[in-house]
Amino acid sequence: MGTSKKLSRSKIVKNLDTIFSQYIRLKNADDLGNVSCFTCGKVSHYKIGMQCGHFQSRKHYATRWLEMNVAVQCVGCNMFKAGEQFLFGKYLDKKYGDGTAEELYIKSKQTVKYSNNELLDMIKHYKELVDSF
Ligand SMILES: [Zn+2]
């Protein structure tokens with residue numbers, strides 16, 4: 001904080017992923033801090049084995065920090081079952097309406113190039129939201 005040291009691009013992206021994941025998990029947590037996995041229903045504390053899973057992979061920047069494209073997932077679904085993508089898409093359609101999964105798929109193919117300043121603004125935005133919980 002307060003330093004003029006420049007953060008590398010990869011560090012900025014990593015910081016944004018971290019704060020965004022924290023926000024998604026906190027947003028979905030109950031009063032005890034518990035969240036449930038979007039694809040298998042497993043319940044756990046948001047800090048214990050629960051992650052921010054992506055429907056369209058994080059390699060697609062157009063949907064990487066899009067709230068509709070992510071949900072809380074357990075490590076089992078997110079890491080070991082390739083994100084349970086089929087179920088993920090099915091439940092997205094159920095939650096947001098038919099065609100959501102397809103829209104996200106199409107959107108993920110768009111080329112989006114965020115500047116470092118835009119990413120830093122997003123970090124600030126999500127940090128404020130996280131602090132508001
Ligand atoms: Zn799960």
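Is Ala 82 buried or exposed? Ala 82 counts as exposed, because its relative accessibility is 71% and the cut-off for exposed is over 50%. The model discussed here is predicted.

**The loop between helix 3 and helix 4**

Ala 82 sits in the loop that joins helix 3 (75-80) to helix 4 (85-96). Glu 84 belongs to the loop between helix 3 and helix 4 too. Now look at the backbone. Most residues other than glycine have a negative phi. Ala 82 has a positive phi, near 50°. Glu 84 also has a positive value, near 45°. What is the relative accessible area of Glu 84? The value is 23%, so Glu 84 is partly exposed.

| Residue | Phi | Relative accessible area |
|---|---|---|
| Ala 82 | near 50° | 71% |
| Glu 84 | near 45° | 23% |

**Helix 4 against helix 5**

Two packed helices are described by the angle between their axes and the distance between the axes. Helix 4 packs with helix 5 (residues 100-108) at an angle of about 115°, and their axes are 7 Å apart. Helix 4 is therefore roughly perpendicular to helix 5.

Which residues of helix 4 meet helix 5? They are Gly 89, Leu 92, Asp 93 and Tyr 96. On the helix 5 side are Thr 100, Ala 101 and Leu 104. The residues of this contact divide into 4 nonpolar, 2 polar and 1 charged.

**The zinc site**

Which protein donors hold the zinc ion? They are Cys 37, Cys 40, Cys 74 and Cys 77, each through its SG atom. These donors lie 2.3 to 2.4 Å from the zinc ion. The site has 4 donor atoms, with angles of 107 to 116° among them, and is tetrahedral. Along the sequence, the donor residues follow the spacing C-x2-C-x33-C-x2-C.

**Val 43 in strand 2**

Val 43 has its place in strand 2. With a relative accessible area of 53%, Val 43 is exposed. Which residues does Val 43 touch, leaving out those up to four places away in sequence? Val 43 touches Asn 34, Val 35 and Ser 36. Gln 73 is 30 residues from Val 43 in sequence. In space, Val 43 and Gln 73 are 9.6 Å apart, C-alpha to C-alpha.

Note on methods:
Residues numbered from 1 in each chain as written. Predicted model: local features only at pLDDT ≥ 70, side-chain atom pairs only at ≥ 80, totals over all residues. Heavy atoms only, no water. Helix = DSSP H or I, 4+ residues; strand = E, 2+ residues; numbered from the N terminus. Buried < 20%, exposed > 50% of the residue type's maximum accessible area, 1.4 Å probe, protein only. Axes fitted to C-alpha atoms, helices over the stretch in contact; angles between N-to-C directions. Parallel < 35°, antiparallel > 145°, perpendicular 65-115°, else oblique. Contact = heavy atoms within 4.5 Å. Nonpolar A, V, L, I, M, F, W, Y, C, P; charged D, E, K, R; others polar. Donors = N, O, S within 2.8 Å, 3.2 Å for Na, K, Ca; no water. Tetrahedral: all angles 85-135°; square planar, octahedral: opposite > 155°, others 65-115°.
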